[in-house]
Protein chains: 2
Amino acid sequence: MRLSKESPLVGVLGGMGPAATVDFYSKLIAATPASADQDHLRVMIWADPSVPDRSAAITGTGDDPTDSLAFGAQRLKDAGAAFYVVACNGAHAFLPEVKRRVDLEYLSMIDVTSDYIASLPYVSSAGLLATDATLAAGLYQRTFARAGVSPVVPQPVDQHTVMEIIYAVKAGTVTASQKDALVQVAESLVEDGADVIVAACTEIPLALSAESSPRPLIDPSLILANQVVQKASAISLEGT
Amino acid sequence: MRLSKESPLVGVLGGMGPAATVDFYSKLIAATPASADQDHLRVMIWADPSVPDRSAAITGTGDDPTDSLAFGAQRLKDAGAAFYVVACNGAHAFLPEVKRRVDLEYLSMIDVTSDYIASLPYVSSAGLLATDATLAAGLYQRTFARAGVSPVVPQPVDQHTVMEIIYAVKAGTVTASQKDALVQVAESLVEDGADVIVAACTEIPLALSAESSPRPLIDPSLILANQVVQKASAISLEGT
């Protein structure tokens, strides 16, 4: 399959954090059926790590990132992106407002993950490893409810551990013992009924491997990468 | 050091290939003194894998990539990039013409590598692992000559091996035995007098590790990443 020549430009709002953006772009490349450079998707990545902290904004302790996100979305639109994705779960809380300001379609990582989980016959509840903010904003809980999936969230002390690890990944200082602690949190989610573990923050897959997860690890950035390839090839086919 | 708030936008022309672009962006993140997302550089990556093959163009068997490269450089300029870099050695053959068409400064991976090697007191000659095209265009040989460094290039049969491995990395099919073969080519360069091995194609570091190289492995994309951080912080300081 040769996608590139007539393929749409895929926009990526990233930098939140930068390592998660690298991880997402790697997954997008791996998800593309390609045997030469020219088979890959055309991608524009707007990586602005100076976007105010999404968690701080949602919990009311920091600046609103909407202006920064909309600025990036406008750059993607100006450059000709057909649609865009955001490699940060917490940022999704602000995307409906960004869409009102910048008329460019986005593919929601949370929606595609929820659809995927709802399609798994053995899953009735899903454990969430996410930032305080993603949980507080109810991003996954709301879409799960529509899909008939029960969310399982960590106990407060475990959630504190999750946040410490996410910021350690962003700082590039995550340790082996922190990775072990994350496995323990995942095990507690399983005890509380989780059939799968959702890496609902893009830093989580950088600290918790599929092999070490006590239940199937659902990686929203991987699901999003696959959906981007599908959507881009559907647009390519429309164009022919 | 907090760079981001007032830091310039760094442009990256990538996608040639995509995996090398991921590798360069990873190195740029690692080269940045940062303890939170907001300390990282603002980066725009224009990853267009549909740019015609640089090797084929230089050797006269393929389309000229200058239009595609200039199109990307214009997008970077339009979005506000202060300068840009290109994560592909072969593409550097076309950058002087791109600069004539799009007035945006670029930092040459080949110049920064040559300056770095010239600064190493123990190096009088450097082995080149590069595409046929990068060698045919004399990109490294010319800058090395100005810096007083003798280039050592592979024998024709070895160069054929190098090309096969580069295209295998691009196709995602590189094997362990190909990696071993690349070590053998590097050893032949050392026999022919190379004091260091230059990974003069951005796919090479994905197939030859510093540990397996028989002499210090000089990675131009790593040197470029460090120089980008230095240049961006110099621009930030000018602005204060």
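In which sense do strand E4 (residues 125–129) and strand E6 (residues 196–199) of chain A pair, and over how many bridges? They pair in the parallel sense, over 4 bridges. Helices (H or I, at least four residues) and strands (E, at least two) are DSSP runs, numbered from the N terminus. Two strands pair if DSSP finds at least two bridges between them. One bridge links Leu129(A) to its partner Ala199(A) in E6(A).

This is a predicted model, in which local features need pLDDT of at least 70, side-chain atom pairs count only at pLDDT 80 or more, and totals for chains, interfaces and linings use all residues. Residues are numbered from 1 along each chain as its sequence is written, chains are lettered from A and ligands numbered from 1 in the order written, and side-chain values use heavy atoms, without hydrogens and water.

Now the whole sheet. In chain A, 4 strands form an open sheet with parallel pairing, in the order E5-E4-E6-E7. Strands E5 (150–152) and E7 (217–218) of chain A stand at the edges with a single partner strand each, so one side of each has no neighbour in the sheet.

Two helices of chain A pack on this sheet. Helix H7 (residues 139–147) touches E4, E5 and E6 of chain A. Contact means heavy atoms within 4.5 Å. The direction of H7(A) makes about 165° with that of E4(A). Axes are lines fitted to C-alpha atoms, for helices over the stretch in contact, and angles run from 0 to 180 degrees between N-to-C directions. Helix H9 (residues 176–191) of chain A also touches E4, E5 and E6, at about 155° to E4(A).

Next, the interface. Chain B and chain A each bring 37 residues to the contact. Together they bury about 2,800 Å², 58% of it on carbon and sulfur atoms. Buried area is the accessible area (1.4 Å probe) that two parts lose on being put together, summed over both. Tyr25(B), Asp37(B) and Pro49(B) supply 20% of the area that chain B buries against chain A, more than any other three residues.

Strands meet here too. Strand E2 (residues 42–47) of chain A and E2(B) pair in the antiparallel sense over 5 bridges. Val43(A) stands opposite Ala47(B) in E2(B).

Charges also cross the interface. There are 6 salt bridges between chain B and chain A. A salt bridge is a side-chain nitrogen of Lys or Arg within 4 Å of a carboxyl oxygen of Asp or Glu. Arg42(A) forms one with Asp48(B), the closest N and O atoms being 3.9 Å apart.
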